[in-house]
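Hi,

Here's the structure I promised to pass on.

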Amino acid sequence: MTADFQSLKSFDFANSTPHLWVFKDSSSATRFRTFYVQTEDGLNTQLKDFIATEIERITEHTPYTYISQTNENSCLSIDPTSTDFPQLKALVDRLESEHRITDTKDLKGAKGYVVKFTSNGTTVYAVKRSTSTWKTSYPKKYINMIFSNGELSGVEDNSFSIEKNFDFYVINNTVFVANKRGFESAMQHRAAYAQAFTLLQQTPAFSGLFSDITPIIEYVGTNSIQLRRMAVIEKKGIYSRPNFIPTLQRVNTTRNWGINFDLSNNTIIPCETTASTIINVLLDHRLMSEITDNIYDVPDATQV
């Protein structure tokens, strides 16, 4: 992924050839419908200018996880095969002339758009989900007006706006996510962590930790942050380690965490009060500073 990141950083956007595709959801196996939109030279220059600025801004990348976040200069890296992008790529790699848009109706209702920047045999796919700016004006609901020569005039306006950023970029074998929410929405990646919690509840090694798993299910609910955290718990799987419960009982007593246990069958008794602590423990996010001996609940952790 580091090699792909360097390729992204050194990509010659100024001398690349851009191609704009819009995509919509599809209930078919292809997942998407795509349409090629021809763009004039002035717009192409603007696209190349602002993506170059965006890539220059990004100086580092870290692995994508369900709870990882970006900062103003970072992005997240992930294998595209774990996303819906390969299906989208197959469609936008088709011959442009055979899928060219002919009517603005094909632009309306788009889930997002992809700009392919190609230079010296390498392609960067820059993807953006549709936002409120990606729509024509509202000729039936509003009157569009311009102010000129001291007066307002009514005009017909079917223009579109493109934001000067993208949600994620794909080069070679890596996706670099600049806007996590946009990426997850465009690629339906959120569904993965909701499904992960459903599967986790059905896993005996996890459900068997508790005298009653219901308080954990109720605590998580449909909250997207909590669902992300449960997906991380499933992926880490520290609960399946040998002697996990005895170890937790010992540390819980030493640190006075307040977690309750059913000693007759060595299970955790969760409740509304302790659910948050239990989840942080299962995340391995309750950490102690060796300098101060203070204990912290951290939002994410990278092992060193």
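In this predicted model, the second largest pocket has 16 residues lining it. Those nearest its centre are Thr247, Val251, Trp257, Val281 and Asp284. The space inside this pocket comes to about 430 Å³. Which helix gives the largest share of the lining? That's α9, with five residues. Both α9 (244–255) and β13 (286–288) supply at least two lining residues each. If you sort the lining of the second largest pocket by class, you get ten nonpolar, two polar and four charged residues.

Next, helix α1, which covers residues 2–10. Its buried residues are Asp4, Phe5 and Leu8. Looking down the axis of α1, you'd see these buried residues fall within an arc of 105°, so they line one face of the helix. What do they pack against? The buried residues of α1 pack against helix α2 (41–57) and a set of strands: β3 (60–63), β4 (74–78), β6 (122–129), β9 (168–171) and β10 (174–177). On the face of α1 turned away from the buried side, you'll find the exposed residues Thr2, Ala3 and Ser10.

Is His19 buried or exposed? Its relative accessibility is 19%, and buried means under 20%, so His19 counts as buried. Leaving out residues up to four places away in sequence, His19 touches Tyr36, Glu96, Val114, Val115 and Lys116.

Happy browsing!

Methods
Residues are numbered from 1 along each chain as its sequence is written. This is a predicted model: local features need pLDDT of at least 70, side-chain atom pairs count only at pLDDT 80 or more; totals for chains, interfaces and linings use all residues. Side-chain values use heavy atoms; hydrogens and water are left out. Buried means under 20% relative accessible area, exposed over 50%, partly exposed in between (1.4 Å probe, protein chains only). Helices (H or I, at least four residues) and strands (E, at least two) are DSSP runs, numbered from the N terminus. The arc is that of the directions from the helix axis to the C-beta atoms. Contact means heavy atoms within 4.5 Å. On a 1 Å grid over the protein atoms alone, a cavity is a set of points where a 1.4 Å probe fits but cannot get out, and a pocket is an open set with protein on both sides within 12 Å along at least five of seven lines; lining residues have an atom within 4 Å of a point. Grid points are joined across faces, edges and corners, and a volume is the space filled by probe spheres set on the points. Ala, Val, Leu, Ile, Met, Phe, Trp, Tyr, Cys and Pro count as nonpolar, Asp, Glu, Lys and Arg as charged, and the others, Gly among them, as polar.
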